[in-house]
Amino acid sequence: MNTTRTRYGTGYRFLTIGIAGWMTVVIVAGLVLSIPRLNILEESARNLYFHVPMWFALMAGMIVSAVYSARYLMKPTLERDVRAEQAALVAMLFGVLGLITGMVWARFTWYVGTGKWWNFDPKQSMTAVQLMVFAAYFVLRSSIDEPRKRGRIAAVYNLFAVAIAPFLLYVLPRQLESLHPGGEGSPAFSQTDLAPEMRMVFYPAVIGFIALFWWIYTQRVRLRLAEERLADG
Amino acid sequence: MQAPITPTDSTDAAVYDSVWAAIPDAPPVGLETVMLQQDKLYVVLAVVLIIWFGVLFFLFRTDRRLAQLEDDLDARPEREDTFGA
């Protein structure tokens, strides 16, 4: 298969430095700038800047992965397969981090005194299901030895895995009683769910974490392609 | 047992109080005594640390793969050494 080399030059380096600086500002701003005081939530509302962008990064990763899976089916190349796989892998990292941060946030904010780490919130449960669907993608990959066959079957499975995500993560949880905002409509744009001063940090945090996803993802793609080039001799 | 839902003040906090949010009636114990300090700011610290560890995990994995790649490069048949090429 073709292993054409993508060059990552000065522009890439400047972007990564930019992402590092951007995220540093987001973390500081997220901890320092004042936020409205709410009962129960108190300062833990700042987790909005860290827990929620995990899901945006997951979505970004799933979209990138699905795009390369679709492109692989149109014209199979090693690079498209590698990009689909690595995007899914890094997306899963953010999904797992989102799940764990959510568990910790809930445990010490809404479930103080109950000892409940897992509360079967619809969004939490459906996310766990979605992550298992993704985990199966990697199991499927590892079970097929022939690269072209693996690429094709994995791409088809991945498109299904990504296609069910909006329903599991967004449509279904909003129909049920949940700790998460959104049952009354779109949480991101409703006035009560997000104070104006928090939007100043929240949106940059979302952009920053999606950029961080992109950085880790491209880094891993470079590594995988270098490995393949070396294996080819 | 579902703890009773107590009315909150007039802020928007009510938005977040559903049947899922059990209002604590027991004093905090163990890890909770730490996490609830500073108006629950340590919960944010925990979340930031979890994300940091997740990124670190990938960093270490990438590092190991790179080391393997370097070993494989070294194992290749000897070539003309061209400094600065």
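I begin with one pair: the side chains of Asp39(B) and Arg37(A) meet in a salt bridge, at 2.8 Å from N to O. By salt bridge I mean a side-chain nitrogen of Lys or Arg within 4 Å of a carboxyl oxygen of Asp or Glu. Asp39(B) belongs to helix α2 of chain B, and Arg37(A) to the loop between α1 (10-32) and α2 (48-74) of chain A, so the pair joins two chains. Helices here are DSSP runs (H or I, at least four residues), numbered from the N terminus. Arg37(A) also forms a salt bridge with Glu42(A), where the closest N and O atoms are 3.6 Å apart.

Some notes on the source. This is a predicted model, in which local features need pLDDT of at least 70 and side-chain atom pairs count only at pLDDT 80 or more, while totals for chains, interfaces and linings use all residues. Residues are numbered from 1 along each chain as its sequence is written, chains are lettered from A and ligands numbered from 1 in the order in which they are written, and side-chain values use heavy atoms, with hydrogens and water left out.

On the side of chain B that touches chain A, α1 (31-35) and α2 (37-75) of chain B each supply at least two residues. The most comes from α2(B), with 21 residues. In all, the contact (heavy atoms within 4.5 Å) takes 41 residues from chain B and 48 residues from chain A.

Let me turn to chain A. Helix α4 (residues 122-142) and helix α5 (residues 147-171) of chain A pack at an angle of about 180°, with their axes 10 Å apart; axes are lines fitted to C-alpha atoms over the stretch in contact, and angles run from 0 to 180 degrees between N-to-C directions. That makes α4(A) roughly antiparallel to α5(A), a term for angles over 145 degrees. Among the residues making this contact are Phe134(A) of α4(A) and Tyr157(A) of α5(A).

Conventions: Angles under 35 degrees count as roughly parallel, over 145 as roughly antiparallel, 65 to 115 as roughly perpendicular and the rest as oblique.
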